[in-house]
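Reader: I am new to this structure. Could you show me how to read its features, one at a time?

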Amino acid sequence: DRLTVWLAEDCLPEELPSLLLREHVRQLLGREDELMEVIGLRSPGPYTKPVLQLFSGDGEPLAYVKVGWNDVTSQLVQNEAAFLREHRDQPFRRVRIPGILNHGQWHNLDIVVADPLPRGMRRYRPTTGVPPLEIMREIAESAGIVEAPFATSTYWQRTRRSISRLLADGPTRDSDIVSGFIRRIEERYGAVPMPFGRWHGDWAPWNLAWLDHKLVAWDWEHTAGDVPLGFDAVNFLFQSRFAWKQESLAASTAACRRGSRSVLRALGVRPDLQQLVVSAYLLEMYIRYSRARLGGAGVPSR
């Protein structure tokens, strides 16, 4: 149960940054002291990637480092880095996000180096309900709210292309189900105007905390603009049941459909569009997990 990494005895100090990621990051941070690292490796999942926490010799947290090791995780690392860089000089009023320290490649691996999480945070608990609506609204509006007919929107065109590639690359027994699902959505909602905005992408209790009455949010690797308004709220409700409470897929979906109505209405989503938002979100999850599976990442059986 122990892994030992050795270097040749005659290895020169100047060679270390090319051999050890910790030394590479130490050089990026301009540190001359020796750093300590903790490497987190979770059980296999669709987006599992190594995460390094770097500390000074006296235990001061210095940085988080995410490593993209395949096409799927490299795209996520690049996406998060772009978002953190974009908002470095344009911070949110109600949400605190990590600062970006560096982004680049090391031995053809994409890495992003971000500030450590602040001390004194209180982890968010799903029992307290969905985070304040004004916070989700601020995130949604950060890329602008646009309204367009659903079937001709850039979001839906992007989704259709993703589905087409997935079904072409790896058709499965549910290909006909997904194709029929898309057809029914377009028949019912194709011409209906829909509001679109940005979402965090994994708005869930494990990525949120409170600090001095301000919400801290991290793991922005799935963030995207131009998605149906309310995706973050739906994700929170669904994942609080499915991932946090480990309820079944059917029970989590049913609870999400029921619980999202009042939240979506408060966000400004019309009643006739609320079920569409949930359906589109579930399709987004199907794309996410299918893409990861085809990319060689492990997908939990649930």
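Reader: Let us start with the rings. How many aromatic pairs does a search of the whole structure find?

Author: This is a predicted model. Two aromatic rings count as a pair if their centres lie within 6.5 Å. A search of the whole structure finds 16 aromatic pairs. Take Phe238 and Phe242 as one of them: their ring centres are 5.4 Å apart.

Reader: Is the pair of Phe238 and Phe242 stacked or edge-to-face?

Author: Look at the angle between the planes. Under 30 degrees counts as stacked, over 60 as edge-to-face. The planes of Phe238 and Phe242 stand at 20°, so this pair is stacked.

Reader: Where do Phe238 and Phe242 sit in the chain?

Author: Both belong to helix 7, residues 231–244. They are 4 residues apart, which means a separation of about one helical turn.

Reader: Are Phe238 and Phe242 buried or exposed?

Author: The cut-off for buried is under 20% relative accessible area. Phe238 has 5%, so it is buried. Phe242 has 12%, so Phe242 is buried as well.

Reader: How do the rings of Phe238 and Tyr281 pair?

Author: Their centres lie 5.9 Å apart. Their planes are at 65°, so this pair is edge-to-face. Phe238 and Tyr281 are both buried.

Reader: Which parts does the pair of Phe238 and Tyr281 tie together?

Author: Phe238 lies in helix 7, while Tyr281 lies in helix 9, residues 274–294. The pair therefore ties together parts that are 43 residues apart in sequence.

Reader: Which residues form one aromatic cluster?

Author: Phe238, Phe242 and Tyr281 are among its members. The cluster also takes in Phe150, Tyr155, Trp156, Phe196, Trp199 and Phe231.

Reader: What elements and what kinds of residue make up the lining of the second largest pocket?

Author: Helix 2 (21–28) and strand 1 (36–40) each supply at least two residues. The lining of this pocket divides into 14 nonpolar, no polar and 2 charged residues.

Reader: Last, the backbone. What is the phi of Asn108, and where does Asn108 lie?

Author: The phi of Asn108 is near 65°, a positive value in a residue other than glycine. Asn108 lies in the loop between strand 5 (100–106) and strand 6 (109–114). Over 50% relative accessibility counts as exposed. Asn108 reaches 70%, so it is exposed.

Reader: What about the phi of Asp212?

Author: Asp212 is not a glycine, yet its phi is positive, at about 55°. Asp212 is placed in the loop between strand 10 (208–211) and strand 11 (214–217). With a relative accessible area of 69%, Asp212 is exposed.

Key: Residues are numbered from 1 along each chain as its sequence is written. This is a predicted model: local features need pLDDT of at least 70, side-chain atom pairs count only at pLDDT 80 or more; totals for chains, interfaces and linings use all residues. Side-chain values use heavy atoms; hydrogens and water are left out. Buried means under 20% relative accessible area, exposed over 50%, partly exposed in between (1.4 Å probe, protein chains only). Rings of Phe, Tyr and Trp (its six-membered ring) pair if their centres lie within 6.5 Å; planes under 30 degrees apart count as stacked, over 60 as edge-to-face and the rest as tilted. Ala, Val, Leu, Ile, Met, Phe, Trp, Tyr, Cys and Pro count as nonpolar, Asp, Glu, Lys and Arg as charged, and the others, Gly among them, as polar.
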